[in-house]
Amino acid sequence: MSDVPLYSRYAIYGIVALLVIASATRLLLAYRNPAKDYTELRQRIQSWWWMIGILLVMLLASKTIAITFFGVLSFLALKEFFSIVPTRQADRRVLFWAYVAIAFQYYWIATDWYGMFIVFIPVYVFLLLPMRAVLIGETQGFIQALGTVHWGVMLCVFCVSHIAYLLVLPVQNVEAGYIGPVLFLLFITQFNDVCQYIWGKLLGRHKIIPKVSPKKTWEGFIGGLLSVTVVSGFVAPWLTPLDRAEGFVAGAFMAVAGFIGDVVLSSVKRDLHIKDSGTLIPGHGGILDRIDSLIYTAPLFFHYLRYLHY
Amino acid sequence: MIEVTPLSRVLKLLFFGLIVKPLVLFGLGLNVFHRERLPQRGPAILAANHNSHLDTLVLMSLYPLGQLHRLRPVAAADYFLAKRWLAWFALNVIGIIPLKRERTSARHSLFDDCYRALDAGDILIVFPEGSRGAPEQIGELKRGVHHLLKAREGLAVTPIALHGLGRALPKNEALLVPFNCDVVIGEPLPYTPDAEEFMRQMKNSLQELLRSCITRRGDD
């Protein structure tokens with residue numbers, strides 16, 4: 001821990017402090033209302049401890065281990081996606097190659113080959129994966145099957161892999177180190193989820209898209225947007241190369257992007273008539289339920305940062 | 001032939017602890033619903049739909065390593081005992097109870113090994129469809145499980161619906177493609193004298209359980 005750059009270390013202390021507060025609040029609530037069932041809240045917070053614990057161990061272990069970890073995250077997300085969407089039995093080998101693409105994508109990151117990282121999936125996988133399906137020869141449902149596969153690979157591999165590329169960008173903010181921007185991205189994205197939820201619970205009246213997400217309200221969205229913008233403006237200069245003004249802007253568009261990611265994945269689940277995409281994370285659902293907003297914030301934050309400072 | 005030796009117990013622990021459990025956890029990933037309905041000790045019978053060789057391994061992996069030697073998949077003798085090394089593996093590592101599927105064999109002694117295992121407190125795993133069949137479809141159910149119940153009073157069958165394994169590793173395929181799979185455990189079905197009625201109940205139960213799967217496909 002002592003070799004972690006100063007501001008990243010503070011950020012880690014801060015995140016752990018938030019977890020302690022969450023657990024303490026839960027215990028206090030359970031103590032005050034012994035009759036009420038807090039099982040789901042307990043599961044959610046326990047899962048947060050696990051997720052953050054595993055993430056921090058991986059991030060602090062080494063750069064390669066951290067990149068591999070996000071590769072595994074892509075694999076679990078893509079597997080979950082392929083498991084819930086309609087796929088044709090004939091496409092098993094197409095999906096197999098989609099999984100293989102994950103290893104390549106993260107290898108480009110580990111070797112810091114930006115040009116390949118950025119075109120591999122949108123160009124090579126996009127153009128060549130259909131050829132595997134052509135060789136199988138099942139044309140019934142071809143368009144939908146290939147569209148689904150490519151969408152899954154874009155969301156779960158291409159978008160998610162941007163988190164890992166943040167790790168190999170040259171360090172500009174020495175006090176943050178290479179893990180600083182990743183901590184910032186993950187913290188702001190999850191903080192936005194929590195803020196939109198809390199503001200919605202406190203003030204929520206006017207629904208935004210009742211057909212997709214009946215719990216999403218304008219009050220929650222705007223409350224989240226404002227809180228995240230302010231916090232981001234103050235945290236960004238510590239953890240990233242961004243200055244304060246750039247940090248405010250980053251917070252604002254990440255709040256919007258996180259919201260979009262959330263409702264897009266919600267629409268997918270609505271279409272399939274399922275509530276959660278999996279059961280891997282007790283109290284949260286599946287991997288996709290947890291990273292839905294991150295899928296959108298990761299590439300947007302990455303390219304914003306890269307455009308301004310690299 | 002079907003006695004469990006210390007060597008086979010060790011092999012089983014190694015195979016499941018080092019290969020099957022990590023594979024099921026990471027390569028597949030299970031959504032288990034109603035785990036509390038899983039019978040904790042024998043004698044008991046688990047009956048599942050059958051689409052893949054993985055079915056048996058997934059059902060066995062639901063139990064802790066220490067319980068594994070109690071699990072006895074009932075498997076087709078004509079398939080699993082046909083090749084020598086496969087027979088050795090099926091009998092010693094998996095611990096199957098071979099069942100003769102041909103009609104020629106003597107009816108009354110057909111289930112002797114199953115009864116012996118049940119009386120020893122084992123948990124039988126049966127696939128009433130009799131073979132793996134078309135992916136993700138429930139075929140005709142055979143009545144063997146009804147015979148087992150008839151002879152052992154008070155025993156019930158726990159129906160278990162599996163979904164997704166026929167995509168991960170279907171019949172006649174060697175390439176395993178990772179998918180999350182659903183395991184939905186149903187309420188135990190008690191014995192009813194009418195075999196046809198009993199099998200109908202079981203089929204209904206399996207189809208009902210399949211409906212609560214989250215890894216559904218567009219066509220089911």
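User: What should I know about the model and its labels before we start?
Analyst: The model is predicted, so local features are reported at a pLDDT of at least 70 and side-chain atom pairs count only at pLDDT 80 or more, while totals for chains, interfaces and linings use all residues. Residues are numbered from 1 along each chain as its sequence is written, and chains are lettered from A and ligands numbered from 1 in the order in which they are written.

User: What average pLDDT does chain B have?
Analyst: Chain B averages a pLDDT of 86, and 92% of the residues score at least 70; pLDDT is the predictor's confidence in each residue, from 0 to 100.

User: And where in chain B is confidence lowest and highest?
Analyst: The lowest mean, 84, belongs to helix H6 (residues 144–151) of chain B, and the highest, 94, to helix H2 (residues 54–61) of chain B. Helices (H or I, at least four residues) and strands (E, at least two) are DSSP runs, numbered from the N terminus.

User: What ipTM and pTM does the complex get?
Analyst: The predictor gives the complex an ipTM of 0.88 and a pTM of 0.92.

User: How many residues from each chain take part in the contact?
Analyst: Chain B contributes 15 residues and chain A contributes 19 residues, where two residues are in contact if their C-beta atoms, placed from the backbone, lie within 7 Å.

User: What classes of residue are on the chain B side?
Analyst: The side of chain B that touches chain A has six nonpolar, six polar and three charged residues. Here Ala, Val, Leu, Ile, Met, Phe, Trp, Tyr, Cys and Pro count as nonpolar, Asp, Glu, Lys and Arg as charged, and the others, Gly among them, as polar.

User: Changing topic, is Ile125(B) buried or exposed, and why?
Analyst: Ile125(B) counts as buried because it has 23 C-beta neighbours inside 10 Å. A residue is buried if 20 or more other C-beta atoms lie within 10 Å of its own, exposed if 12 or fewer, and partly exposed in between, with C-beta atoms placed from the backbone.

User: Where does Ile125(B) lie, and what does it touch?
Analyst: Ile125(B) lies in strand S5 (residues 123–126) of chain B. Not counting residues up to four places away in sequence, Ile125(B) touches Leu46(B), Thr56(B), Leu59(B), Leu71(B), Arg72(B), Pro73(B) and Val74(B).

User: Which strands pair with S5(B)?
Analyst: S2(B) pairs with S5(B) in the parallel sense over four bridges, and strand S3 (residues 71–76) of chain B pairs with S5(B), also in the parallel sense, over three bridges. Two strands pair if DSSP finds at least two bridges between them. Ile125(B) is the bridge partner in S5(B) of Leu46(B) and of Pro73(B).

User: What about the two faces of S5(B)?
Analyst: Both faces are covered, with Ile123(B) and Ile125(B) on one side and Leu124(B) and Val126(B) on the other, and these residues are all buried.

User: Why is S2(B) largely enclosed?
Analyst: Five of the five residues of strand S2 (residues 44–48) of chain B are buried, so this strand is largely enclosed by the rest of the structure. Ala44(B), Leu46(B) and Ala48(B) point one way from S2(B), whereas Ile45(B) and Ala47(B) point the other way. In a regular strand the side chains alternate between the two faces of the sheet.

User: Which other strand is joined to S2(B)?
Analyst: Four bridges join S2(B) to strand S6 (residues 156–163) of chain B, and the two run parallel. In this pairing, Ala47(B) stands opposite Pro159(B) in S6(B).

User: Over to chain A: how many residues does helix H1 have, and what is its reach?
Analyst: Helix H1 (residues 6–32) of chain A has 27 residues and reaches 39 Å from its first C-alpha to its last, close to the 39 Å expected at 1.5 Å a residue; the expected span is 1.5 Å times one less than the number of residues.

User: Which residues of H1(A) are buried, and what do they pack against?
Analyst: The buried residues of H1(A) are Tyr7(A), Ser8(A) and Ala11(A), and they pack against helix H7 (180–203) and helix H8 (218–239) of chain A.

User: Last one: what is the phi of His273(A), and is this residue buried or exposed?
Analyst: His273(A) has a positive phi of about 60 degrees although it is not a glycine, and with 8 C-beta neighbours inside 10 Å it counts as exposed. His273(A) is placed in the loop between H9 and H10 of chain A.
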